Structures are given as C-alpha cells and as structure tokens.
Amino acid sequence: MGAALLIQRWYRQYVARLEMRRRCTWNIFQSIEYAGEQDQIKLYNFFGYLMDHFTPASSERNLISHIFRENNICRNVDWERYFCYKSIEVPKLYSGPHLSFPITCSNAAELVEAFKNKQQLHSRYVLQLLGETWRLLRILPNISQISTCHSKEITICGDLHGHLEDLLLVFYKNGLPSSEKPYVFNGDFVDRGKDSLEILLILFSFLLVYPNDVHLNRGNHEDHIVNLRYGFTKEVLGKYRLHGKKILKLLQKIFSWLPLATVIDNKVLVLHGGISDTTDLHLISRVDRHKYVSALRPPKRKRQNRSGMTDSDLEDDDPTAKPVDSSRRRVHSLTHSSSTGTRHEVQRRSLQGLNNRVTCSVEEELKERRRQAGLSQSYGDLRNSLANSDSDPDSGELLESYGDEWKQIVDMLWSDPMPQDGCVPNEVRGGGCYWGPDVTEEVLRRHNLTLLIRSHECKQEGYEFCHNRRVLTIFSASNYYEVGSNRGYQANRATRALTLRQSVGRTERSALRALREKLFAHKSDLISSFQEYDPENTGLISLGHWACAMEAVLRLGLPWRVLRTQLVGDTLDGMLDYHLWFRELSITDLLETMYKHHSNLETIFRIIDTDNSGLISFEEFRQTWKLLSSHLQTEISDEAISDLAVSIDFNKDGSIDINEFMEAFRLIEKILGHIDYSYRPLSIGDHNNIMT
C-alpha cells in the first residue's frame, strides 16, 4: 500500500509539472500572437493618421491611400467585365478539376478530392466560382436564421486558419455538407495556414450547392488589411501569379458581404468573436454590412466640398480616432474607452505598444499638420479643428459617421469573454472588448436566447465552456501554435502519435524559441531597462529586477522568474550578468530594428507594392523605412537605409523583390539561431517561484 501511494504521489507531481509547463507555454504563444494583432491595428491606425494629416499630394499619403477605400473599379457598373473569366483559357495540359456552372454537389466533392491530392484549381474556375459566390452573398441577410427541425443536428466549425487537413477530417468523420448535414463555419477561414484559398473554394462551392444548409460567418481575419500581415495575400499571389491581384480584389468584396452571425432555432447565437454590453441584434440585422470592407476603421459619408462637388462614396476614414499620449504604453481597444477598467482587473496583461503619433522628424509639413490637428486637444476639439483646417481641401467634411454600428461589428469580430462581470476594452488584441458573465446573461435574456457559440480563441482541447456554460468557444484548427499545442480535430498523424510529455516538450521548445526572438528584437530596450537597476554600471542585476525589466519592456504578462532558467542559464549568487547574456546579440542597430519590426516592414512592403509584382525600387524601399521610422518615432538616416537596400539587393538589379526582402530576415534568424541559451524543463522549484 505504501509503495502504491508513493507511485501515485509521484505520478500526480509529474502530471502537475507537465500541466504547469503546458500553461506557461500556452501563455507565451498567446501573448506573442496577440502582440502581433495589436501591432497590426496600430500600424493601420498610423496609416490612417497619415491620411488625415498629410496633404493629398504628399508621397507618403499616395503610397498608402489605396488601402483605405475600395478600388474604384469595384463600384463601377461594369466591374464584372474587369473580373471576367471568359477570356482566360484552360490549357489542354491542365490536369486539375474542371467545374461546371451552376455548380453541382459532384463538382464540390471533386474539388475536395482534388485539394486533398494537392491539385490546384485553374484561375478561370477560381474567378468564376468567386463571382457566383459574390452574387449569392449579396442577397443573404446579416444574421442567418436556421432550424434543426429537418436535419436534427447542425455541425459548427470554429477557426480553420488555412488548415485544410482539419477541414478534410471534419468531412471524413461527419460527412460532406448536404441538406441532411448542415454546417455553420464560424469565420477565420484564412491566414496563418498554407491552404486558406483552398478552404474558401471548398466552402464557397458547397454554399452555392446548398445555400440553405451551409452558412458562413465573417471572422476578424476576413479582412484585406489583416491579410497583408498574416499570410493570405502572400499565399494567393504565390499560387496565382498572373491573376492573383484580381482574385484578391474579388475576395475583398466577398469578405465584406459575408453574414455576421447565425441564429439556430431562435435560441443559439453563433458569431465569431463575441458581444459587449451594447450588442443589439436588431441593429446588426439592419447594418449595410458591405460598407465595412475592413472592420478596423469605420467608413464616413462625405458631403458637398468647397469646390461645390458632391461625393457620396464611402471612405474608410476614422472619425473616432483619438490621439494617444506619448507617455502611455498601452494600446486601447478600437471601439472601447479605457475608463471602464484595466487589464490588471481582468487578469490579462496589456502588451507593449508602439505610439501611433507621428514625429516631426519626417517632414516639416507633418510637423505643421500635427500642430493643426491639435494632438493635445480632446477629441471633440480635434474634430472641430480638422473640419476648419485646410489640410485636405478636396476631402470634404464629415456629415455622418457609422460609429454605433461599426462598434457593434468590431465587437462581434474581435471580442473575448472574461471571468469577471463587466465590459472593458480588449487592450491585448487592440479591438473589441472583454465581456463578463453578467453581460452574457443580459444580452441572451434581451434576445430570448439560451447559448452563445463563438470562436476566435485557440483552446487546447478544441473547445471550452465559460459563463456558467452559456458561452461555448470552438476552435477547429489543430496544432495551431505548434504540433501538439492544441487538439482542434487533431488532423496531424504525428500529433496523435506523441505522448503527453513529448507533446509538451515540443511545444515548449517552440514557444521558447519564439520568445528568444522577442528578446533579440528588443535587445537595446532591455539593456536600457537593466541599466536603470544598475546605477553603478556593474553589469549585474538581481533576478527580481531582471523580471521587472523584462515585463516593463515586453509587456507580455509572463512568469519571468519561472522562465529565467530557460532564458539566461546560470547566475552568480543570484545576480545576472546581462552584458554577458547579450554578448552574442551584438549586431548593428539597424538590423536589430529590422528584425524587431519585420512583420510591420513586410506589411508596408506589400502595401507599397500596389501592382503585386513583388518588386519595389530603392526609392520605394526608402519610403517604406521612412514610414516605419515615423511610426516608431525613431530617426534612421538615408545613408543607412541606402546601405541596407544595397546589401539586401542580392542579385544587384537595382530593386528589391519580396524574396530578397524576406531572405534578409532568414539570415538574421540564422544569426539568432547561434545564440546559446541554456534550456531545461520547468521544475517544481520553478513553480514555487510563480507564487513569489
């Protein structure tokens, strides 16, 4: 009996250590993921600031203006002529699937089988399929109403994020969509994974065949601005070099027409992100959803301008953008004021943000525009000063904003639940809110509902109940962060073969690798923070001060004392030699900045590359850096930028293509790979450090 108790105690401690390591790893992955989303929102807000305060003729505004409005050809009556597929011939050597229209269930099944075998659909069929999808989506309501009275059950799928294997496994286990097998796919079909387009084409084909039984909700990643950062734009252009630009433009239009929610049996609400204390389904059902080509900024209507001309077109200018004080480090939600609470109150840490104000070092003109904008004023005063200024005489004046309904849409796409009552800004993601059980009860009661099903958050088991089981989160993409990180539908065979210890160890190593990249990217800031705790310049700081400095710089809300042994190795009498720690990170400041903000740089690169050729000139590269340095409030000399451009131009053709651009990051990552951090699994002693 005594031996059995000892074995049982040992096993419980073993499982507890694994669980502690798993949770710590999960926090690392999730914090880094949300930091990226926050950076993307900040970068887009920065572009919006330039649009508001640069003159129309400025080169910086011209570089980015196209992302703030639909391409004019999308509004034209003959837009279908532009996207016409009829002039595209399918060669005889093409061995992929052939589609007939109207599309049939056999066509859709054939498409599934073709993508399973790694075949590619010809661009003619892609454009034709997307065109038919757009025509159908236009007649669908904002909130789909469905019933289980005929089928008895409805399958709901969460985020897929380009993981085709997971979708195929769902179909294998549950059957293909049909009148007897209805489905609701709850957004985030694209980005991150490598088969996003294939997933869209499969879902659209079944939607066309079974419009009453296949329902697609929009997610926060069904947004062309988000796609610039998270891979979908790159994926489409890589697979369809000749017609990729047209495909992307058509998808941009399709995304804006996707329904926003689904209600099952008048009792179950299915939407991508969540709700807030102001959610009103009656208002949402009346929204003209296609106005919101990007949900990151609300459109505004324009009235008669000073030249006497009228313009009823919609532009994605933000009438609610509020300047952020430079002393603040937090990034607040797009739609919620921070006065209602802080992240410490909801047990999540805000991530380090980049200020979205523009410094005066870029151009004297910008300095003047900032003065005219009145950055120290309240928003009401700022709005009045802009309306009375001559900063953009052709832009017209704000007549009517769509702030209320825009806020509703952002909340539906970006919000997350929290265990505490209330509704506070989602400062971690930068958009939407965190809402509590009381908000869930009130919204469900108000609309006579019993359950809210949402997605948007990766869960280790693939699903999770909260708020007294009134909210269910479903996440269908397995191995989201790393092989073995979460179940989803567990489509990867290698994952199913891993033991619990192997799975935790693999994901832990991957998370630590990603965290080390963060350390590398913030080397200068970390050293400066360490030196604040080292007034005598000894090069040594205590572990407590090290942990404080790490959180102050990175703002990831991680248990740094626990992670210390995996990140810095041995110490001398509890003191860390931080200069020794960073000795192998001694590369040029410009390369450090480049690596630190490579996602922002790549996003700007793709925005400047308006023709999607994958090529920009040295001058456009200089403009990219100027935009980034303005965003970061840093000064980078033209000479340094020119030297960097020449070094990146590996083939010496006088221009930089996207492959050369990304190769530069690969080389930096190779340098990073030589950094020697000691590694060992977390121990019980480490767990004690969490409590202290």
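## Close-up views of a predicted model

Figure 1. Thr440 belongs to helix α15, which spans residues 437–446. Apart from residues up to four places away in sequence, Thr440 touches Ile275, Trp435, His467, Arg470 and Val471.

**Figure 2. The protein chain as a whole, for orientation.** The protein chain contains 27 helices and 19 strands, and 57% of its 692 residues count as buried. Among the contacts in the protein chain with a separation of 6 or more, 74% are accounted for by residues 24 or more positions apart.

**Figure 3. Packing of helix α4 against helix α7.** Two packed helices are described by the angle between their axes and by the distance between the axes. For helix α4 (residues 105–116) and helix α7 (residues 196–209), the axes come within 9 Å and cross at roughly 165°. An angle over 145 degrees counts as roughly antiparallel, and α4 is therefore roughly antiparallel to α7. The crossing in which α4 passes α7 is left-handed. On the α4 side the residues that meet α7 are Cys105, Ala108, Ala109, Leu111, Val112 and Phe115, and their partners in α7 are Glu198, Leu201, Ile202, Ser205, Phe206 and Val209. By class, the residues of this contact of α4 with α7 comprise ten nonpolar, one polar and one charged.

Figure 4. In soluble globular proteins, nonpolar side chains tend to be buried together. The largest nonpolar core in this model has 56 residues, of which Leu121, Phe185 and Leu251 touch the most other members. At least two residues of this core come from each of α4, α5 (123–137), α6 (164–174), β3 (183–185), α7, β4 (214–216), α9 (232–239) and α10 (244–257). Helix α7 gives the most to this core, supplying ten residues. Once its neighbours within four places in sequence are set aside, Phe185 is in contact with Cys157, Leu160, Leu167, Phe171, Leu203, Val214, His215, Leu216 and Asn217.

**Figure 5. Tyr240 in the loop between α9 and α10.** Tyr240 lies in the loop that joins α9 and α10, and with a relative accessible area of 6% this residue is buried. Although 118 residues separate Tyr240 and His122 in sequence, their C-alpha atoms are 8.8 Å apart in space. Leaving out neighbours within four places in sequence, the contacts of Tyr240 are with Gln120, Leu121, His122, Ser123, Val126, Leu197 and Ile247. Leu121 is also one of the residues that touch the most other members of the largest nonpolar core.

**Figure 6. Packing of helix α18 against helix α19.** The axes of helix α18 (residues 523–532) and helix α19 (residues 543–554) come within 9 Å and cross at roughly 135°. The two helices, α18 and α19, are therefore oblique to each other, and their crossing is right-handed. Asp525, Leu526, Ser529 and Phe530 in α18 meet Trp546, Ala549, Met550 and Val553 in α19. The contact of α18 with α19 has six nonpolar residues, one polar residue and one charged residue.

Figure 7. Most residues other than glycine have a negative phi, and most peptide bonds are trans. The peptide bond from Phe101 to Pro102 is cis, with omega near 0°, and Pro102 has its place in the loop between α3 (79–82) and α4. Arg192, which is not a glycine, has a positive phi of about 75°. Arg192 is found in the loop between β3 and α7, where it is partly exposed, with a relative accessible area of 33%. His456 likewise has a positive phi, near 75°, and is located in the loop between β13 (451–454) and β14 (463–466). With a relative accessible area of 5%, His456 is buried.

Conventions. Residues numbered from 1 in each chain as written. Predicted model: local features only at pLDDT ≥ 70, side-chain atom pairs only at ≥ 80, totals over all residues. Heavy atoms only, no water. Helix = DSSP H or I, 4+ residues; strand = E, 2+ residues; numbered from the N terminus. Contact = heavy atoms within 4.5 Å. Axes fitted to C-alpha atoms, helices over the stretch in contact; angles between N-to-C directions. Parallel < 35°, antiparallel > 145°, perpendicular 65-115°, else oblique. Left-handed = near helix turned anticlockwise from the far one by under 90°. Nonpolar A, V, L, I, M, F, W, Y, C, P; charged D, E, K, R; others polar. Core = buried A, V, L, I, M, F, W, Y, C linked by side-chain atoms within 4.5 Å. Buried < 20%, exposed > 50% of the residue type's maximum accessible area, 1.4 Å probe, protein only.
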